[in-house]
Amino acid sequence: MTTVKVKLTHKNYDVKIEKGLHQAIGEQVRSVWQPRKVVLITDSNVGPLYLSSAQGQLEKAGFEVLPVEVPAGEASKSLTKVGEIISQMAQAGFTRQDGVISLGGGMVGDLSGVVASLYMRGIAFIQIATSLTAQVDSSVGGKTAVNLGETKNIAGTFYQPDLVLVDSDYLDTLTDRDLVEGYGEVAKTSALEGQDFFNFTGKIRSVQDIRDHAPELSERSIAYKAKVVMGDEKEAGQRQFLNFGHTFGHAIELLSHGSLRHGEAVAIGMVTVTRVFEAEGISPEGLTQALIDRLQAVGLPISSDLVGTPLFFQHMINDKKNRGGVINMVALAQVGQPIIVPKPLDEIRSMI
Ligand SMILES: NC(=O)c1ccc[n+]([C@@H]2O[C@H](COP(=O)([O-])OP(=O)(O)OC[C@H]3O[C@@H](n4cnc5c(N)ncnc54)[C@H](O)[C@@H]3O)[C@@H](O)[C@H]2O)c1
Ligand SMILES: O=C(O)C(=O)C[C@@H](O)[C@H](O)[C@H](O)COP(=O)(O)O
Ligand SMILES: [Zn+2]
């Protein structure tokens, strides 16, 4: 088993990465929690595959389980769903000593994190990551959020889990499209982390390559993310680097009305922003093409007609890196050398 230790000012926790962990959920959860009530939150794709096994294991380990299944898809990342789940927990008599467990991808993890952080002002939380996005990025670091109307991740908290479980066996049932979406975040992380990891993603040439190397991709991505988060939990500085490609990506994701997944939109966002910074001489010549090469090898999109539309620019206003009309854009001075380039909104318009 690989364990990545996340050590923060007010809390430490382990991210455990091992094939087969889906059969050890009871003992793993019991290693950090005394028996208690737990709400086990999943979605309508993951639930039919894994909920009854997870529930059975938790019950065997002494936990009283309230299973909750939300419809699969980004639309469930909503305050409405948060309210519904919190009501169900209150009706079932959950107290501050009880807990929330997410069993799913990034959508379920982000939603469950909001529920955990709000119920009675915060109860214990564990993430069981079932998608590649969750296994390389979203389950670690404590960002929780739901979307409101047309604004992505606008309501959320920083709320760290007590434990994260990553088992690549879950990926056997993930569709190729959902797997590849998660790889968008891996490509991002490799460009941020350094030449060695970037060379490694340069050798991933197919969906099967992603499947074959999933455990290593998780280990490397999570190790990098944990290091960044440990240095800047609340995104005052270097954590902004993890948002590479997201200023444009979030706008594209929203404007696509569900036709583009998060990682797909981030792929387009990374290429778009790097092309601009390469033209300005901030990023090195050839970097845009190197990114395109990695993304296209696995079928990720690299452009969209949505880029540059009036609504696209309107979405920039709600970017969390907006400081009074100036957005902290993430650029790569080199592979492994992310930098923040503050850009006034008007200038971003003329860049594109
Ligand atoms: N909090 C963070 O740091 C962070 C980081 C990256 C992404 N995110 C968020 O995560 C979301 C994207 O994550 P995602 O790609 O996991 O989306 P998702 O949770 O919607 O999962 C994608 C699809 O895969 C299905 N699925 C998940 N695991 C499966 C499995 N083992 N077998 C079969 N189907 C499975 C889901 O039901 C869904 O249909 C977005 O909302 C994004 O904003 C958050
Ligand atoms: O953990 C982080 O920090 C990230 O930025 C990781 C991103 O991949 C992720 O999509 C995150 O949810 C984006 O957050 P937001 O603050 O831009 O909404
Ligand atoms: Zn992301």
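**Note on the domains, ligand shells and helix packing of a predicted model**

1. The shell around ligand 1 holds eight nonpolar, 13 polar and nine charged residues. In this classification Ala, Val, Leu, Ile, Met, Phe, Trp, Tyr, Cys and Pro count as nonpolar, Asp, Glu, Lys and Arg as charged, and the others, Gly among them, as polar. The structure is a predicted model, in which local features need pLDDT of at least 70, side-chain atom pairs count only at pLDDT 80 or more, and totals for chains, interfaces and linings use all residues. Residues are numbered from 1 along each chain as its sequence is written, while chains are lettered from A and ligands numbered from 1 in the order in which they are written.

2. In total, 30 residues surround ligand 1, and the closest are Asn45, Gly105, Gly106, Ser131 and Ser138. A residue is counted here if its C-beta atom, placed from the backbone, lies within 6 Å of the molecule. The elements giving two or more residues to this shell are α2 (46-60), α4, α5 (132-138) and α6 (176-193). Helices (H or I, at least four residues) and strands (E, at least two) are DSSP runs, numbered from the N terminus. Ligand 1 lies between domain 1 (2-173) and domain 2 (176-351), because both give residues to its shell. The domain bounds come from an automatic or database domain assignment.

3. The centres of domain 1 and domain 2, taken over C-alpha atoms, are separated by 25 Å. Their contact takes 27 residues from domain 1 and 30 residues from domain 2; two residues are in contact if their C-beta atoms, placed from the backbone, lie within 7 Å. On the side of domain 1 that touches domain 2, the elements giving two or more residues are β1 (2-7), β2 (12-17), α5 and β8 (151-158). Of these, α5 gives the most, with five residues. This side of domain 1 comprises 12 nonpolar, nine polar and six charged residues.

4. Among the residues around ligand 2 are Asp137, Lys143, Asn153, Glu185, Arg239 and His246. By class, the shell around ligand 2 has two nonpolar, four polar and six charged residues.

5. Helix α3 (residues 79-91) packs against helix α4 (residues 106-118) at an angle of about 55 degrees, with their axes 10 Å apart. Axes are lines fitted to C-alpha atoms, for helices over the stretch in contact, and angles run from 0 to 180 degrees between N-to-C directions. The angle makes α3 oblique to α4; angles under 35 degrees count as roughly parallel, over 145 as roughly antiparallel, 65 to 115 as roughly perpendicular and the rest as oblique. Lys81, Val82, Ile85 and Ile86 of α3 make the contact with Leu111, Val114, Val115 and Leu118 of α4. These residues divide into seven nonpolar, no polar and one charged.

6. The axes of α6 and helix α8 (residues 207-231) are 10 Å apart, at an angle of about 45 degrees. That makes α6 oblique to α8. Residues of α6, including Leu179, Tyr183 and Val186, meet residues of α8, including Ile210, Leu217 and Tyr224. The contact of α6 with α8 has nine nonpolar, two polar and four charged residues.
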